[in-house]
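Let's take a walk through a protein model together. Have the sequence and the 3D view open, and look up each residue as we come to it.

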Amino acid sequence: LKPHVGAAVHDTASATRAHREIGSTHLGLNFDPSHLHRVPEDVATAATVFGGRIVHSHFRDCPSRVERGPGTPEQQVPGRGEVDIVGVLRALGQTGYQGPLSFECIGAKGYSLARATAVAAETRGYLNRCLQELA
């Protein structure tokens, strides 16, 4: 289950309600801070509310809460936008989350391999630094 801007499940309340009403222990949450930021919500607080229901988290940043989309691929690199990435990682750690963190990037389909690799490398470097600081 993934809260997504503009969808029936779009924020903490609707995701919590869906999880409760579906009632399956097999239903996990794909935690996407950029969507919750644009709803708008406090994303770190959302992470603590979802807690042990999070089975995957992908990270990207976004330039503002009012953008219709996540911005250019370069604007989606964690640390370049408004999402409190460090606060979200800290909150995930406090919930005991040990699952995967991935980078979701929209709009790089036409990028050269070198340009796409640069975006991915900056993301990896930033998230690595954040995780080391929080350790």
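How many bridges join β1 to strand β2, and do the two run parallel or antiparallel? There are 3 bridges between β1 and β2 (residues 54-59), and these strands run parallel. Before going further, a word on what you are looking at: this is a predicted model, in which local features need pLDDT of at least 70, side-chain atom pairs count only at pLDDT 80 or more, and totals for chains, interfaces and linings use all residues. Residues are numbered from 1 along each chain as its sequence is written, and side-chain values use heavy atoms, with hydrogens and water left out.

Helices (H or I, at least four residues) and strands (E, at least two) are DSSP runs, numbered from the N terminus. Two strands pair if DSSP finds at least two bridges between them.

Is S57 buried or exposed? With a relative accessible area of 0%, S57 is buried; the word buried means under 20% relative accessible area, exposed means over 50%, and partly exposed is in between (1.4 Å probe, protein chains only). Leaving aside residues up to four places away in sequence, S57 touches N30, F31, P33, L92, Y97, P100, L101 and S102, where a contact means heavy atoms within 4.5 Å.

One of those neighbours, F31, brings us to the aromatic rings. A search of the whole structure turns up 1 aromatic pair. Rings of Phe, Tyr and Trp (its six-membered ring) pair if their centres lie within 6.5 Å; planes under 30 degrees apart count as stacked, over 60 as edge-to-face and the rest as tilted. Why is the pair of F31 and F50 called edge-to-face? The ring centres of F31 and F50 are 6.1 Å apart and their planes meet at 75°, so the pair is edge-to-face. F31 belongs to strand β1 (residues 29-31) and F50 to helix α3 (residues 43-50), so this pair links distant parts of the chain, 19 residues apart. F31 is buried at 0% relative accessible area, and F50 is buried at 2%.

Let's turn to charged side chains. The whole structure has 7 salt bridges, each one a side-chain nitrogen of Lys or Arg within 4 Å of a carboxyl oxygen of Asp or Glu. R17 and E21 form one of them, at 2.8 Å from N to O. These two residues sit 4 residues apart in helix α1 (residues 12-22), about one helical turn. R17 is partly exposed at 48% relative accessibility, while E21 is exposed at 55%.

Another salt bridge joins E122 and R80, with their closest N and O atoms 2.9 Å apart. E122 lies in helix α5 (residues 113-134) and R80 in the loop between β2 and α4 (85-95), so the pair ties together parts that are 42 residues apart in sequence. E122 is partly exposed at 34%, and R80 is partly exposed at 47%.
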